[in-house]
Amino acid sequence: MNDMNFWEVSIFIVYLVFMLGIGVYFFVRDPHLTERGYFLGDRKMGPWVAALSAGASDMSAWVLMGLPTSIYALGLGQVWIAVGLALGYTLSWIYEAPRLRCFSIVADDSITIPQYLTKRFLSKSKALQLISAIVFLIAYTIYSASSIKACGTLFNTVTGLDTKFAMYLSAIIVISYTFLGGFSAVSWTDFFQGMLVLAAMLIVPITAAFMLESGSAEISQAGYWNVFSSWQDVVSGLGWGLGYFGMPHIIIRFMSIRSQHDLKKSAKIGISWTIIILAFAGLVGTVGRMFVGFDEAVNNNSLVFVVMVRRIFPALVSGILLSAVLAAAMSTADSQLLAAASAFASDVYRPIIRRERAGNKEMLWAGRIVVLAIALIALYIASSPNAGSIMALVSNAWGVFGASFGPAIMLSLFWKRFTFSGAVAGIVTGAVVDIAWLNYMSSTGVYEIIPGFFAGLAVAVIVSIISPAPSEKVNELFDRALAMTKE
């Protein structure tokens with residue numbers, strides 16, 4: 001191992017030990033966590049932690065590896081993904097966050113999205129919780145695989161360490177602090193990871209831009225600088241923003257904030273952080289193309305950010321900056337594992353398997369076992385040679401979540417006439433259309449979340465109109481939640 005590898009690996013180890021230490025700290029501080037504490041942090045998250053945790057849990061390794069490399073290889077037409085995400089994230093904080101926090105409290109203090117959607121309609125049916133949990137488990141397993149794959153790719157590139165072994169090592173760390181400390185540990189690790197990602201995204205492209213030599217900017221690829229490369233790129237890129245309205249591991253942060261006042265502050269912090277990250281992700285791609293030149297190996301392994309860092313900075317600094325890739329991957333993986341575990345434990349295990357007989361300790365262990373199970377399956381997917389790229393895995397999971405849950409959640413917050421039947425029909429339709437489009441219509445070049453989202457929205461509205469109107473008690477719940485948002 002040369003000096004550069006030694007210092008980079010040493011920084012990685014220090015970083016991983018620090019993340020694990022956060023999990024141990026929260027476990028020792030509160031060894032008798034309640035279900036609400038483990039899965040939602042007792043709704044005590046402050047504005048900075050909530051905002052950066054929401055952002056970091058969203059911006060996984062794809063924002064440092066997948067998105068910049070797409071722009072690096074294909075051109076500025078890919079920048080519409082960043083534009084769509086910035087718009088969607090901003091709208092979700094402004095319109096969805098204030099209502100979701102209040103509605104989830106009024107709906108019997110719901111701690112998961114499926115639980116909220118059921119209790120919002122005062123329904124005794126477990127159908128929605130079961131359907132939602134199935135979608136959660138499938139989509140989050142795929143999503144987690146993308147984060148684990150990114151960790152393996154990074155370790156392999158930097159140290160030559162076997163990719164599969166690196167994936168297992170990273171997964172063990174993520175599982176450990178999620179297993180021990182729950183939502184609080186995940187949120188605080190996300191906070192530090194969010195700060196690290198921001199620093200790396202600001203430093204790397206700016207430094208590379210100043211180092212460009214005359215003539216470096218010449219890119220011969222036809223249409224590279226054309227932002228309007230095709231209508232499919234524009235529409236599909238903007239369609240990514242629809243995902244935020246139904247992304248459970250992100251919007252659960254809205255529910256965890258301790259007050260409406262703090263939520264407004266969180267919104268400003270979260271929106272600013274995300275817009276900066278997305279803008280500089282685009283800059284990494286374009287500057288990287290000038291700085292590195294086109295390399296098929298860089299493209300295939302989503303390595304433009306990694307290659308830039310290692311060419312520019314000495315080992316100690318590159319180790320710190322490359323830890324940002326680990327941070328991005330781990331901050332998303334931990335949130336996904338916890339969201340999937342909470343959905344299974346609270347929405348399937350307790351109400352359906354144990355028929356409301358499970359105690360608090362049993363619920364915590366049920367959630368922890370699910371964290372372990374999903375991580376193992378995600379490892380299997382990530383290590384498969386047919387797993388696809390990091391960006392492809394993220395794209396698939398993002399589409400399913402946005403298409404299935406986005407319309408149902410937004411209608412539940414803004415439409416008093418919305419019904420439980422409409423929610424079930426909308427979730428199922430959105431997921432089915434999204435998956436069908438991916439498998440049979442992807443040749444159109446239109447991202448599957450768009451037909452999935454609007455099909456789910458249409459069906460949810462139609463079924464609600466033709467089904468019996470909500471009861472007076474459900475309408476009263478809606479009015480109380482709405483009044484709470486104005487306090």
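For accessibility, buried means under 20% relative accessible area, exposed means over 50%, and partly exposed is in between (1.4 Å probe, protein chains only). Bear in mind that this is a predicted model: local features need pLDDT of at least 70, side-chain atom pairs count only at pLDDT 80 or more, and totals for chains, interfaces and linings use all residues. Residues are numbered from 1 along each chain as its sequence is written, and side-chain values use heavy atoms, with hydrogens and water left out.

Now the charged pairs. A salt bridge here is a side-chain nitrogen of Lys or Arg within 4 Å of a carboxyl oxygen of Asp or Glu, and the count by this rule comes to three.

| Salt bridge | Closest N to O |
|---|---|
| Lys119 – Asp108 | 3.1 Å |
| Lys416 – Asp479 | 3.0 Å |

Take Lys119 and Asp108, with their closest N and O atoms 3.1 Å apart. Lys119 sits in helix H6 (residues 113–119) and Asp108 in the loop between helix H5 (80–106) and H6, so the pair ties together parts eleven residues apart in sequence. (Helices, H or I with at least four residues, are DSSP runs numbered from the N terminus.) Lys119 is partly exposed at 26% relative accessibility, while Asp108 is exposed at 54%.

Asp262 is buried, at 9% relative accessible area, whereas Arg258 is partly exposed at 48%.

Lys416 is partly exposed at 34%, and Asp479 is partly exposed at 38%.

A cavity is a set of points on a 1 Å grid over the protein atoms alone where a 1.4 Å probe fits but cannot get out; lining residues have an atom within 4 Å of a point. Grid points are joined across faces, edges and corners, and a volume is the space filled by probe spheres set on the points. A search of the whole structure turns up two cavities of 30 Å³ or more.

The second largest cavity has a volume of about 70 Å³. Its lining includes Ser147, Cys151, Ser170, Val174, Met330 and Ala375. Helix H7 (127–159), helix H8 (163–211) and helix H14 (315–353) each supply at least two residues of that lining.

Methods. 1 Å grid on protein atoms, 1.4 Å probe; cavity = no way out; pocket = protein on both sides within 12 Å on 5 of 7 lines; lining within 4 Å.
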